[in-house]
Amino acid sequence: MKKIIKYVFADILRNKIVLGYTIFLLLISMSVFNLEDNSSKGLLSLLNIILIIVPLVSIIFSTIYIYNSAEFIELLVSQPLKRKHIWGSLFTGLAGSLSLSFLVGAGLPVMIYTPMDIGLVMTGMGLLLTVIFVAIAMFAAVITRDKAKGIGISIFLWLYFSLLFDGLVLFILFQFEDYPLEKFMVVASALNPIDLGRILILLKMDISALMGYTGAVFRDFFGTQSGFIIAIGILLSWIITTFWLSLRKFNRKDL
Amino acid sequence: MIIANNVSKKFGKLKALNNVSVTCNKGECIALVGPNGSGKTTFIKSILGMVVPDSGFITFNGKNIVHDWLYRRHIGYMPQIGRYPDNMTIGQVFNMMKDIRSDGKNGQTDESLAEKFGLNELLHKRMRTLSGGTRQKVSASLAFLFDPDVLILDEPTAGLDPVASEILKEKITGEKSKGKLILITSHVLSELDDLITHIIYMQDGNLLFHKKIGDLQKDTGEQKLSRAIASVMLKK
């Protein structure tokens with residue numbers, strides 16, 4: 001498995017897009033922190049940019065990469081290798097290189113400009129989101145043979161997680177505003193890794209006081225030590241389940 | 001050596017393989033013939049585990065291949081259309097394959113075919129710049145590279161020039177004399193005349209017959225393989 005990971009890594013690094021992504025993130029985070037006079041404001045702007053861009057780049061790049069390596073996958077499948085290892089190596093290579101990009105591009109500046117604990121949570125969330133969306137992309141790429149369809153599914157999934165889902169939750173919230181929905185909100189946030197990441201980061205910042213009553217419920221649940229661990233657990237299970245689903249599909253795929 | 005038992009595979013509505021059962025033994029050189037779309041490539045791909053059959057099973061040396069993958073180290077496969085990562089050079093592809101299969105038989109590789117094809121001068125060329133014939137040469141060299149016990153060649157001579165085609169045939173004959181199992185699909189039957197010992201004829205996913213070449217000649221009364229097959233095809 002190590003050998004295949006090596007080749008996937010080498011191939012991705014030869015691709016200039018990952019380098020461009022790193023520089024892009026670095027430029028954004030540096031400019032945000034240098035424009036704002038206080039780092040907390042800068043962090044908030046950066047948070048919003050990152051929560052849009054990181055999932056988008058991770059999911060689109062990974063989907064296209066999987067489709068473009070169709071030949072590579074075909075070649076490997078006819079060799080004495082386990083399919084599990086081939087798929088796992090692709091996942092490790094993609095998740096590893098994109099995480100590295102994020103770490104250099106956004107993680108470093110955040111660590112430099114902001115207090116330690118917020119910086120750590122922010123970087124951790126960015127990394128988790130990267131890996132989650134790589135897993136989602138691999139699932140999208142494995143369910144259909146058609147490249148255009150696969151990329152379409154990926155874009156739609158990204159749109160869903162970053163915009164549509166929030167709209168849906170808001171809609172439900174307004175429709176049922178007479179009922180107590182706080183518990184529902186906590187559960188709903190677990191269904192969207194981006195929201196969960198956002199909540200965890202906001203709770204670490206002072207502005208969570210502005211989030212009103214629901215914010216207090218979130219604070220109550222996710223603000224505690226055990227709540228935080230549960231939230232991380234949920235994010236990790238997002239990675240594991242999605243990857244497992246895609247692996248199951250890949251194991252039975254005809255090439 | 002390879003036993004297929006009632007293997008069936010559907011692609012949507014199309015029945016690519018319909019209850020195919022075959023036994024292939026060491027030392028045989030089997031030609032897999034049949035019209036286009038008769039399921040030859042699908043059958044080969046199911047032996048390699050690239051296509052997962054809907055029902056039935058395939059064993060390799062007595063072991064079911066479903067949960068096995070190591071058996072593939074005994075197989076050299078030359079695909080019909082060799083597809084390789086575009087931005088790798090020929091040399092890199094060779095090195096990668098050697099690296100991946102290095103735990104194979106005593107680490108020795110058989111590069112005579114690559115040498116004869118003159119691929120050694122092209123090692124720095126990227127795969128996407130290669131012509132169809134050169135690609136085929138790479139595929140063929142890779143299939144023979146690890147001195148496998150079983151060779152599966154899907155349309156080996158398609159796209160090769162006469163010289164290269166002759167080199168490949170010589171190589172196949174040489175491997176056959178070492179007692180290996182060789183499975184070939186081809187449309188150019190005259191090329192196979194002096195090579196093969198058995199013949200499998202497929203049509204619309206069904207295996208119509210699996211005979212020794214001598215029996216086929218006797219049954220049809222034709223000496224030439226292509227004419228024998230043609231007479232079978234016309235009779236159906």
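Q: What is V142(A) in contact with, leaving aside its neighbours within four places in sequence?
A: In this predicted model, V142(A) is in contact with S246(A), K249(A), F250(A) and K253(A), once its neighbours within four places in sequence are left aside. The C-alpha atoms of V142(A) and L247(A) are separated by 8.6 Å, although these two residues are 105 residues apart along the chain.

Q: And where is V142(A) found?
A: V142(A) is found in helix α6 of chain A, the helix that covers residues 116-143.

Q: Does V142(A) count as buried or exposed, and why?
A: V142(A) counts as buried, because it has 20 C-beta neighbours inside 10 Å, and 20 is the number from which a residue is called buried.

Q: Which residues touch the most other members of the largest nonpolar core?
A: That core has 133 residues, and those touching the most other members are F91(A), I132(A), V134(A), A135(A) and M138(A) from chain A, along with I152(B) and L183(B) from chain B. Helix α6 of chain A gives the most to this core, with 16 residues. As a general background, nonpolar side chains tend to be buried together in soluble globular proteins.

Q: What is V134(A) in contact with, again leaving aside its neighbours within four places?
A: Apart from those neighbours, V134(A) is in contact with S58(A), S62(A), F91(A), L94(A), A95(A) and L98(A).

Q: Switching to α1(A), which of its residues are buried?
A: The buried residues of α1(A) are I4(A), Y7(A), V8(A) and I12(A). They cover an arc of only 130 degrees around the axis, which means that they lie on the same side of α1(A), while K2(A) and R14(A), on the other side of α1(A), are exposed.

Q: What do those buried residues of α1(A) pack against?
A: The buried residues of α1(A) pack against α2 (16-35), α4 (70-77) and α5 (83-113) of chain A, together with α2 of chain B.

Q: How many residues of chain B are in contact with chain A?
A: There are 17 residues of chain B in contact with 17 residues of chain A. On the side of chain B that touches chain A, the largest share, three residues, comes from helix α2 (residues 90-100) of chain B. By class, that side of chain B has 11 nonpolar, one polar and five charged residues.

Q: What about strands in chain B: in what order do they form the open sheet?
A: Four strands of chain B form the open sheet in the order β2-β1-β4-β5, with antiparallel pairing. The edge strands are β2 and β5 (63-64) of chain B, each of which pairs on one side only.

Q: How many bridges join β1(B) to β4(B)?
A: Five bridges join β1(B) to β4(B), and these strands run antiparallel. I3(B) has T59(B) as its bridge partner in β4(B), and N5(B) stands opposite F57(B) in β4(B).

Q: And how many join β1 to β2 of chain B?
A: Seven bridges join β1 (residues 2-11) to β2 (residues 14-24) of chain B, which also run antiparallel. L17(B) in β2(B) is the bridge partner of K9(B). In the hairpin of β1(B) and β2(B), which has two residues between the strands, G12(B) takes a positive phi near 65 degrees.

Methods:
Residues are numbered from 1 along each chain as its sequence is written. Chains are lettered from A and ligands numbered from 1 in the order in which they are written. This is a predicted model: local features need pLDDT of at least 70, side-chain atom pairs count only at pLDDT 80 or more; totals for chains, interfaces and linings use all residues. Two strands pair if DSSP finds at least two bridges between them. Two residues are in contact if their C-beta atoms, placed from the backbone, lie within 7 Å. Ala, Val, Leu, Ile, Met, Phe, Trp, Tyr, Cys and Pro count as nonpolar, Asp, Glu, Lys and Arg as charged, and the others, Gly among them, as polar. A nonpolar core is a set of buried Ala, Val, Leu, Ile, Met, Phe, Trp, Tyr and Cys residues joined through C-beta atoms within 7 Å. A residue is buried if 20 or more other C-beta atoms lie within 10 Å of its own, exposed if 12 or fewer, and partly exposed in between; C-beta atoms are placed from the backbone. The arc is that of the directions from the helix axis to the C-beta atoms.
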